[in-house]
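Welcome, and please load the model in your viewer.

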Amino acid sequence: MKRMKRALVGISTMLVMTSALAACGGNNNNANSNSNAAGNASPAATEAAATNAPASSGEKVTINLWSFTDEIPNMTKKYMETHPDANVEFKTTVIATTDGAYQPALDQALAAGGKDAPDIYAAESAFVLKYTQGDASDYAANYADLGLDDSLVKGAGIAQYSVDIGSKDGKLKGLGYQATGGAFIYRRSIAKDVFGTDDPATIKTEVGPGWDKFFEAAAKLKAKGYGIVSGDGDIWHPIENSSDKGWIVDGKLHIDPKREEFLDLSKKLKDNGYHNDTTDWTEAWYADMSGTGKQPIFGFFGPAWLINYVMNGQVKDTNGDWAVTEPPTGFFWGGTWLLANKDVVKDDAKKQAVADFIKWVTLDTSETGLQYYWANGTMKEGEQGTKDSVASSVVMSKSNGEVPLLGGQNMFDVFVPANANASGKNLTQYDETINKLWRDQVREYTAGNKDRAAAIDTFKQQVKDQLGIDSE
């Protein structure tokens, strides 16, 4: 979720919320917060209170909740419905990540402190390490200090990559409600034509494990007039998030061999006509989802949110002609983590109120927990909303992940192991900037505008110029 384009999947309406927050609508409102891109809405700070808690003795506890979309704020309505005795009200501030507006505002509010400081705040994968492990991590409370200990994390079956990203020096500071482990999403009809079957168990052995197998499959597909992916961006996330090390090692820019290989794999795709040379989040990319591109495209790499919130609105006549299987290498893409201000532990009532809400969102595995509603698309009673992969494997094991776009396949059968196979140990707080610079130079190379060495040199210089980080 840009990197992931929320506006393209229904979150561009993150404007003023009413005093009683609207329900999430079965997850239909937006894509994975997880995403990599800013929403298209103009930055807007809004405040609202969830006021439908019944009157009770004692003053209400006010929780200041900050987010960059209305996704988490909308959860508060369901929380109040399922916790009618909660003596709490939520004041929410929503600032879109458009033009980088969210982080500076959040940083200022955290630094200022006081009664208006964020008590709970969200951070997405593009910049979450800044708040869990990096420059702003000292503002975050340890989950253990909120009474949310490791036994709850283990009991919920939270994917390790999500825990690693949310932890500093072994202390958990943030967790998400979604899981964004990635799979290979492919066209059933093309699989039958080229490989004789659309069975996910067989297709995973055709496209992997490893990139050598993937390119063998690409050659077979090309022989029948198909491309294996739409553009080189489709293989970037599996490469990026399966690397052994991140962009920064011991304070210096490090180009992991697996990430450097992206230059060669991208060029191989282009030189052999194995893709349509599209750029992700463009009309040409979407056209390949509907089968109307330059050549029919076999598949895409992504988490459940790519299926639910992007492809679902683009596939058109190919709806139902898709399936998911294990990718050539484990990876994740996107996600939103929930953090608490360390100052909430100074007030017992606020500490308990904050802990209860965070637990309900990130660790509750019951059928009245957020994740069960989210996984089954039942945020609105009596209405079937969008199903999504969630942080808890325990919840997914007892949920129905069958979706029409996949021809009725239970996607959780693939996404539970996908979440387990993802790694969260190769991220840095500078990834959003560095990834863009890298991908731009890779495209310069594959387009023939630069040789390989020049593309790498330009990349290193840009990182130095923009971030002040020297290369190894």
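Helices and strands on this tour are DSSP runs numbered from the N terminus, a helix being H or I with at least four residues and a strand being E with at least two. With that in hand, select Pro118, in the loop between helix H2 (102–112) and strand S3 (120–124). Residue numbers start from 1 along each chain as its sequence is written. You are looking at a predicted model, where local features need pLDDT of at least 70, side-chain atom pairs count only at pLDDT 80 or more, and totals for chains, interfaces and linings use all residues, while side-chain values use heavy atoms, with hydrogens and water left out.

**Around Pro118**

Pro118 has a relative accessible area of 0%, so it counts as buried (buried is under 20% relative accessible area, exposed over 50%, partly exposed in between, with a 1.4 Å probe and protein chains only). Show its contacts, meaning heavy atoms within 4.5 Å: leaving out residues up to four places away in sequence, Pro118 touches Asn64, Trp66, Leu106, Ala109, Leu110 and Asn341.

**Colour by confidence**

Next, colour by pLDDT, the predictor's confidence in each residue from 0 to 100. The protein chain has a mean of 89, and 88% of its residues reach 70 or more. Residues 1–57 have pLDDT below 50, yet this stretch has 210 contacts in the model beyond near neighbours in sequence. Where pLDDT is low, the predicted coordinates should not be read in detail.

**The core**

Which residues have the most contacts inside the largest nonpolar core? Select Phe214, Ile228, Ile235, Phe298 and Trp438, from a core of 138 residues. Such a core is a set of buried Ala, Val, Leu, Ile, Met, Phe, Trp, Tyr and Cys residues joined through side-chain atoms within 4.5 Å. Helix H13 (residues 348–362) gives the most to this core, with seven residues. Centre on Ile235: apart from neighbours within four places in sequence, its contacts are Trp211, Phe214, Val229, Phe262, Leu265, Leu269 and Phe301.

Go to Gly208 and Pro209, joined by a cis peptide bond with omega of about 5 degrees. Pro209 sits in the loop between helix H7 (200–207) and helix H8 (211–223).

Asp250 comes next, in the loop between strand S8 (248–249) and strand S9 (252–253). Its phi is near 55 degrees, a positive value in a residue other than glycine, and Asp250 counts as exposed at 76% relative accessibility.

Asp277 also is not a glycine and has a positive phi of about 55 degrees. Look for Asp277 in the loop between helix H10 (257–271) and helix H11 (283–290); at 29% relative accessibility, Asp277 is partly exposed.

**An enclosed space**

Finally, select Tyr161, Ser162, Gly176, Tyr177, Gln178, Thr180, Gly334, Gly335, Thr336 and Trp337, which line the second largest cavity. On a 1 Å grid over the protein atoms alone, a cavity is a set of points where a 1.4 Å probe fits but cannot get out, and lining residues have an atom within 4 Å of a point. Helix H5 (160–165) and strand S12 (336–340) are the elements that give two or more residues to this lining.

Technical notes
On a 1 Å grid over the protein atoms alone, a cavity is a set of points where a 1.4 Å probe fits but cannot get out, and a pocket is an open set with protein on both sides within 12 Å along at least five of seven lines; lining residues have an atom within 4 Å of a point.
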